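Open the model in your viewer and show it as a cartoon. Keep the selection tool ready.

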Amino acid sequence: MARLVVVSNRVAVPNRNASESAGGLAVVVRPTLKRHSGVWFGWSGRVVAKSQPAVRTIERGHQSYILTDLTNEDYDEFYNGFANRVLWPIFHYRLDIAEFSRRDLRGYMRVNEHFATELHKILLPDDVIWVHDYHLIPLAGILRDLGRQNKIGFFHHVPFPPPEIVAAIPNHEHLIPAMCHYDLIGFQTDCDATNFARYLKDECGLLNRDPSSFRAGDRTVQIGVFAVGVETSELNRLARRAVHSSFVRGVVESLAGRDMIIGVDRLDYSKGIALRMDAFDRFLSIHPVWRGKVTYLQITPKSRSEIREYADMERQIDETAGRVNGMYGEASWTPIRYVNRTHSRTALAGLYRSARAALVTPLRDGMNIVAKEYVACQDSENPGVLILSRFAGAAAECTAALIVNPYDADSVAAAIERALSMPLDERRSRNNALFATLVAHDVKNWGDRFLDALTRPQKLPNWLSWMRAKNSRTPALRRNAEKQWAAD
Ligand code: F6P
């Protein structure tokens with residue numbers, strides 16, 4: 001393949017601990033880029049005065065990292081503003097907390113233009129460009145205006161809600177149709193892709209020959225479903241070693257023989273952390289026999305703290321953890337250990353393997369790779385149990401998890417009890433099924449399938465007919481759909 005140019009807001013430059021601050025996107029993009037020579041372009045993570053923004057290149061092996069600073073104004077209007085006060089809440093179905101200002105929209109467009117201008121300077125005619133995430137929706141349109149004919153793909157990491165909700169994005173009638181300047185748009189789930197296709201039909205009146213291909217003016221845009229995976233086998237090997245580290249052994253010893261339940265989430269309202277703590281409270285109140293026998297460790301690095309909703313939520317979670325600990329805690333037992341520190345990938349892998357259950361209960365999530373990482377890290381002889389929200393994209397594949405409604409504290413409390421009491425045989429068979437799925441659909445498979453579809457579009461599967469067949473009541477149709485998916 002020609003040179004791969006990845007573009008995203010966050011960039012994870014090796015040796016800078018970037019994976020710890022760059023979030024899930026970096027974790028999935030890095031293994032793909034490692035296998036191609038190319039460029040990763042994005043924000044340096046630095047915010048500078050208006051007169052000082054710089055672009056610099058860092059070379060690492062056969063990769064170049066081209067990083068641009070943002071000005072204070074850009075950071076406020078683009079990142080904290082339109083991206084995280086409008087697009088993030090609306091894509092997560094939270095119309096109630098979206099806050100729009102024209103100034104922020106102008107800042108969002110300005111930073112997209114800046115990215116496009118800098119990219120235009122370094123692009124070669126046959127570069128394959130892969131753009132990620134809601135920060136950069138208009139990028140392809142601006143590159144096309146600059147005359148770029150390259151193959152450009154876009155991956156939408158977060159949910160794509162129904163058009164009735166998307167229509168609440170101010171300026172959506174310009175922003176969303178501009179996505180048709182991409183050659184291929186990838187979504188995490190069938191549901192997201194269906195919603196986007198409905199938007200193109202209902203809001204833009206676009207015609208399609210099949211559900212994965214729309215005509216927009218003189219262009220054709222392809223739509224596909226590419227569920228993000230993790231480095232399943234590598235994580236399993238890492239976790240096997242990590243449980244022997246002094247850090248993980250220290251945590252396990254401090255539990256004094258109690259079971260551990262783990263939750264790991266960036267501090268975000270979409271993760272449902274306070275409701276999850278309420279459900280743990282419900283569990284302890286309904287099942288007093290478990291008091292003093294299980295510890296729930298919630299690891300939650302802070303993020304986007306300048307945005308009011310995030311600061312409010314931080315207080316709410318602090319209060320909830322304090323209330324539950326005050327109500328049930330003893331001098332020798334703290335029911336919830338709530339930690340805001342960032343942990344290394346190795347430390348998390350060891351903790352995942354040491355936890356009897358994971359609580360992954362977002363209220364809405366594009367995929368949620370913590371769910372997949374937890375499964376990848378388990379010991380197949382004595383695995384833990386994944387408790388997973390039906391509203392996480394991962395629920396579509398991880399059907400052998402205990403699937404819960406995160407709004408229903410009783411159902412989550414019942415799942416916690418079931419996970420802790422689950423016989424070894426059932427834990428093993430659920431883990432085997434989950435692990436096999438995650439090996440077949442790992443992060444390599446994700447990157448290869450997307451780039452293959454972008455560079456050879458005729459190979460794109462018809463996801464809508466596949467989805468219908470997969471959900472069909474006829475077993476033969478379902479089996480065929482599984483075969484077809486595996487082959488695609
Ligand atoms: O896809 C969602 C995402 O953009 C991921 O990159 C990452 O998990 C998270 O959000 C990072 O958020 P931020 O860049 O605002 O810290």
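## The whole chain

Start with a surface view: the accessible surface of the chain comes to about 19,700 Å², and carbon and sulfur atoms hold 49% of it. Such areas come from the Shrake-Rupley method with a 1.4 Å probe; for residues, only the protein chains shown count as cover.

This is a predicted model: local features need pLDDT of at least 70, side-chain atom pairs count only at pLDDT 80 or more, and totals for chains, interfaces and linings use all residues. Residues are numbered from 1 along each chain as its sequence is written, and side-chain values use heavy atoms, with hydrogens and water left out.

Go back to the cartoon. The chain has 18 helices and 16 strands. These are DSSP runs, numbered from the N terminus: helices are H or I with at least four residues, strands are E with at least two. The radius of gyration is 23 Å, close to the 23 Å that the globule rule gives for 488 residues, so the chain is as compact as a globular protein of that length. That radius is taken over C-alpha atoms, and the rule is 2.2 Å times the number of residues to the power 0.38.

## The sheet

Now find the open sheet of 10 strands, with mixed pairing. Its order is S3-S4-S2-S1-S5-S6-S7-S10-S9-S8. Two strands pair if DSSP finds at least two bridges between them. Select 55-60 and 207-210: these are the edge strands S3 and S8, and each pairs on one side only. From one strand to the next, the twist averages 25°.

Next, select residues 4-7 and 128-132. These are S1 and S5, which run parallel and are joined by four bridges. Leu4 has Val128 as its bridge partner in S5.

Axes are lines fitted to C-alpha atoms, for helices over the stretch in contact (heavy atoms within 4.5 Å). Angles run from 0 to 180 degrees between N-to-C directions.

Move to S8 and S9. They form a hairpin with two residues between them. Their pairing is antiparallel, over three bridges. Pick Asp210: its bridge partner in S9 is Ser213.

## One histidine

Last, select His172. Is His172 buried or exposed? At 9% relative accessibility, His172 counts as buried, since buried means under 20% relative accessible area, exposed over 50% and partly exposed in between (1.4 Å probe, protein chains only). His172 is found in helix H6, residues 172-175. Among the residues it touches are Val166, Tyr199 and Glu203.

Key
Lists of a residue's contacts leave out its neighbours within four places in sequence.
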